[in-house]
Amino acid sequence: MSADFRFKRFVVSQGHAPMKVGTDGVLLGAWAEGGKRILDVGTGTGLIALMMAQRYETAMVTGIEINGDAIKDAVGNAANSPFAERVEIVGSALQDWVGRGFDAVVCNPPFFVRSLKCPDEGRRNARHAETLTTSDLVGKSWDIMDDGGRLSVILPYEQEGTFIHEAEGVGFALSRIMRVRPMENAGCKRIMIEMRKNVEIGEVEEREMFIEKARHIYSEEYKNMTKEFYLDK
């Protein structure tokens, strides 16, 4: 894979980060709602932070990351972007974060809880829930978020019930769900979930989409969702 991934308005260099640009991050960055202050947890290369900065033109975006190699890429990517004055990359675990006042928290979390572990430590920490559990994510997000704030995540489809149960347990209310199928006739593989803090939710917005009609032939919904980012879709 090339060390650089080029989007319309920014470039993601990824020569150091253990986890490269992927569809999950692009989906969440295009779908999640933002605000005036946005926190991207486990920012990796800085992809989602940069996408949120592009979509929310006055937002201040902070990306936090614990992997030193990923931080190198994220810092450079933020500095070289058109959003450099509004995107800050900080080496920190969410559990150690002391800032407050966010109205949006986004996270493409380490979600492989019971799978075989990758021998590479950087990829292992990025992919497994040892460094950031669901309890850590929802509990700390609640603490640092203003009332009305949004917590948005992308997860394996099978973890829908568990995540919602834990988030509701600390007080969040489910507001939006997007179920994602990789192909038109395939089953759901990913789910994007939005939870709100101290907001009464009427009817939950539930939608479903697929990414490809056939190999490299993308659905209209996916193309519309990502058209402000991808060069060739």
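**Figure 1. Surface and charge of the predicted model.** The protein exposes about 11,200 Å², of which carbon and sulfur atoms supply 47%. This is a predicted model. Its side chains include 30 positive and 35 negative ones, and the centres of these two sets lie 4 Å apart. Of the 233 residues, 49% count as buried.

**Figure 2. Overall fold of the protein.** Seven helices and eleven strands make up the secondary structure of the protein. The radius of gyration is 17 Å, close to the 17 Å that the globule rule gives for 233 residues, so the protein is as compact as a globular protein of that length. Along the principal axes, the C-alpha atoms fill a box of roughly 45 × 45 × 40 Å. Among contacts between residues at least 6 apart in sequence, 69% join residues at least 24 apart.

**Figure 3. Pairing of strand 8 with strand 10.** Strand 8 (residues 173-183) and strand 10 (residues 205-214) run parallel and are joined by seven bridges. Within this pairing, Arg176 stands opposite Glu205 of strand 10. In a regular strand, side chains alternate between the two faces of the sheet.

**Figure 4. Hairpin of strand 10 and strand 11.** Strand 10 also pairs with strand 11 (residues 217-218), here in the antiparallel sense and over two bridges. Ala214 stands opposite Ile217 in strand 11. Two residues lie between the strands of this hairpin, in which His216 takes a positive phi near 65 degrees.

Terms used
Residues numbered from 1 in each chain as written. Predicted model: local features only at pLDDT ≥ 70, side-chain atom pairs only at ≥ 80, totals over all residues. Heavy atoms only, no water. Helix = DSSP H or I, 4+ residues; strand = E, 2+ residues; numbered from the N terminus. Rg over C-alpha atoms; globule rule 2.2 N^0.38 Å. Buried < 20%, exposed > 50% of the residue type's maximum accessible area, 1.4 Å probe, protein only. Contact = heavy atoms within 4.5 Å. Areas by Shrake-Rupley, 256 points an atom, 1.4 Å probe, with all protein chains shown as cover. Lys, Arg positive; Asp, Glu negative; His and termini not counted. Charge placed at Lys NZ, Arg CZ, Asp CG, Glu CD. Pairing = 2+ DSSP bridges.
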